[in-house]
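This report is written for a reader meeting the structure for the first time. The sequence and the model come first, and the description follows.

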Amino acid sequence: MLTHLARWALVGAGTAGCGSWGADAHVIGSSCGRRPSAAIHDVQGHGGESPLVEQTVTVEGVVTGVVGNPGQAAGFYLQAETPDADPLTSEGLFVVWSRDLVAPAPGRRVSVRGRVGEVAGITQLHAVELIHECGSASLEPTPLGVQPLEPGGRWESMWVSANETWTLVDTSRLLEHGETTAVTGGRLFAAGHELGVLPAVEAERRWIIQGEWLLPRAGLEQRDQSARLRLGARVHALDGIVQLEPGEQRLLATQPVAWRWDAPAPLPMLGGALRVAALNLDNYFVSLGALGASSEAELSRQRSKIVAALVGLDADILALTELENREQASLKHLISALNEQLGPEHQYAWSTTTPPATSPLRAALVFRPSRVAPVREAWFDGSPSFRRPPLFQTFERNGSSFTLGVVHFKSKRCGLEPEVIGPGGCGADIRLAEATELVRLTQNLPLAATPSRVLLLGDFNTDPLEPPLSEIRRSGFIALLDALPNEDRYSYVFQGRASLLDHAFATPELAGDIQGAAIWHINADEPEFRSYRLSNPPGEFQPDALRSSDHDPILIDLRL
């Protein structure tokens, strides 16, 4: 597999000089115009392995792309100027070439003599003995209608133009491997989402796009370049060279991809008199080097981004998860910085209730005393069913009250111990038990609470169609995000699949007061290199709300 493409040249770029090509490959007189000993389609053959493997042949074609990077394959792609009539054979071929030597430029016709080989199912020409330039040539990419492609077929190493509408769905491997993932037919959704697709169909739609053009570059346009890599960005055609392996389709981009992207929409004003918002803080730890920031500098950057997000939410009550469970230390560290950005009427307070020491993570509820009044202290439920104890508090406004619960179910991530992984990911049985206990708990709230008027918010780590949420719905709770358009209902993206892991549920008695619900897409779509980490490329960090966490915040507006 060809990866880490750090040096590409464009078709039609400048020419390379003629003459000696090094000790192992050199001009022995011109072979241009002579009949080559083999056509490229003869070298490729039908199906899998080349029929000429281990034979030395001379081929002629037009260079379509050059690639090379230390530690990886280096070479150039060659394509026949005039294809044959056989639709089953490829006209493209990869030529292995030393990265220490100047390769012929794209758009040049060359004659090459070397030995035919097969590496990872890709036919190539290596041990090059002779290479000679034969002038320039005009070659256009072959139109490719996106379809399932098999290795060893007519598209191997071909320069193509895939004229489909593509959607960018994954950038997590961009910095390390120089690759992104794009699909046709719109976003990919997790299997537990209403729009989830079958694995076989997903594999047909998913292509890995590779090339230097994808990497963020420093300079005046860096922020715009990075913004184009926001998930959900679209482009109507992709030009590149096809690489195929079993179960994997790759396109090596031969020019910059002009992704069109939409900036996160401003927070909708839903008309409610009281705004409640929930956000997973992605491990906000004041203990450095644990699960969150690794240094004071990173913690400062993390705090600045989260504060920007919370200011933008402008909520009267904040339901927060993934703070460090160190009494009030992490909460005080964050909210004190937030209050410094706000006027006296908009500042926050919080309950001093201490959570059980059963998890390194804790939930928190903060509120504006100018907008709502807490009814007694908040409390955590200590049931052993919960990996992270949920937090409850009753609030009153205008003579009306409701009880708010902050939920954080077990993660779908797998631990070190072997376990059976079902469709819902690791820990599905634990999340179902947590949901069952949560329903029981809300039906038996303490006398200080408002049992019939309950709002549940937080990170349930569960997609809408999975059993834990079905259990909550069956108990009578109403899912408040169901009113959103299908394709807008996601709050997290993992391996290219969008999930709705963060939810809001209300009892029927409270649902009538709900004015609206929304998801603010400021995090899940953003490339990871826009986060607070110091290891990210220079110039990418901004003290804004974008990529302040890995989850998108959700917000609910009520009129009490």
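## Overall make-up

The chain contains nine helices and 29 strands. The model is a predicted one. Out of 560 residues in the chain, 56% count as buried. Among contacts with a separation of 6 or more, 72% are between residues 24 or more positions apart.

## Confidence

The chain has a mean pLDDT of 86, and 87% of its residues reach 70 or more. Residues 1-30 have a pLDDT below 50, although this stretch has 94 contacts in the model beyond near neighbours in sequence. Where pLDDT is low, the predicted coordinates should not be read in detail.

Strands of a sheet pair through backbone hydrogen bonds, and the pairing can be parallel or antiparallel.

Both senses of pairing can be followed at strand β8, residues 159-162. With β7, strand β8 pairs in the parallel sense over two bridges. Here Thr142 has Val160 in β8 as its bridge partner. With β14, residues 238-245, strand β8 pairs in the antiparallel sense over four bridges. On this side, Val160 stands opposite Gly240 in β14.

In a regular strand the side chains alternate between the two faces of the sheet. Which residues of β8 lie on each of its faces? Trp159 and Ser161 are on one side, and Val160 and Ala162 are on the other. All four are buried, so both faces of β8 are covered, given that buried means under 20% relative accessible area.

Gln44 belongs to helix α1, which spans residues 40-44. Is Gln44 buried or exposed? Its relative accessibility is 2%, and therefore Gln44 counts as buried.

Not counting residues up to four places away in sequence, Gln44 touches Ser50, Pro51, Ser90, Gly92, Leu93, Thr123 and Glu156.

## Glu526 in a loop

Glu526 is found in the loop between β28 (514-519) and β29 (554-558). Glu526 counts as buried because its relative accessibility is 2%.

Leaving aside neighbours within four places in sequence, the contacts of Glu526 are Arg230, Pro264, Leu546 and Arg547. With Arg230 there is a polar contact of 2.4 Å between the two side chains.

## Aromatic pairs

How many aromatic pairs does the structure hold? There are eight. One of them joins Tyr77 and Phe94, whose ring centres are 4.9 Å apart. Their planes meet at 50 degrees, so this pair is tilted. Tyr77 comes from strand β3 (residues 75-79) and Phe94 from strand β4 (residues 92-96), so the pair ties together parts that are 17 residues apart in sequence. Both Tyr77 and Phe94 are buried.

Another pair is formed by Phe395 and Phe402, with ring centres 6.3 Å apart. The planes of Phe395 and Phe402 are at 40 degrees, so this pair is tilted as well. Both Phe395 and Phe402 are buried. Together with Phe367, Phe395 and Phe402 are linked by ring pairs into a cluster.

## Arginines over rings

Aromatic rings also take part in contacts with arginine. The charged end of Arg187 sits over the ring of Tyr490, at 4.3 Å from the ring centre. Arg301 lies over the face of Phe541, and the distance to the ring centre is 4.1 Å.

Terms used: Residues numbered from 1 in each chain as written. Predicted model: local features only at pLDDT ≥ 70, side-chain atom pairs only at ≥ 80, totals over all residues. Heavy atoms only, no water. Buried < 20%, exposed > 50% of the residue type's maximum accessible area, 1.4 Å probe, protein only. Contact = heavy atoms within 4.5 Å. Polar contact = N/O pair within 3.5 Å; in protein donor to acceptor, adjacent residues only side chain to side chain. Pairing = 2+ DSSP bridges. Phe/Tyr/Trp six-rings, centres within 6.5 Å; stacked < 30°, edge-to-face > 60°. Lys NZ or Arg CZ within 6 Å of the ring centre and 35° of its normal. pLDDT = per-residue confidence, 0-100.
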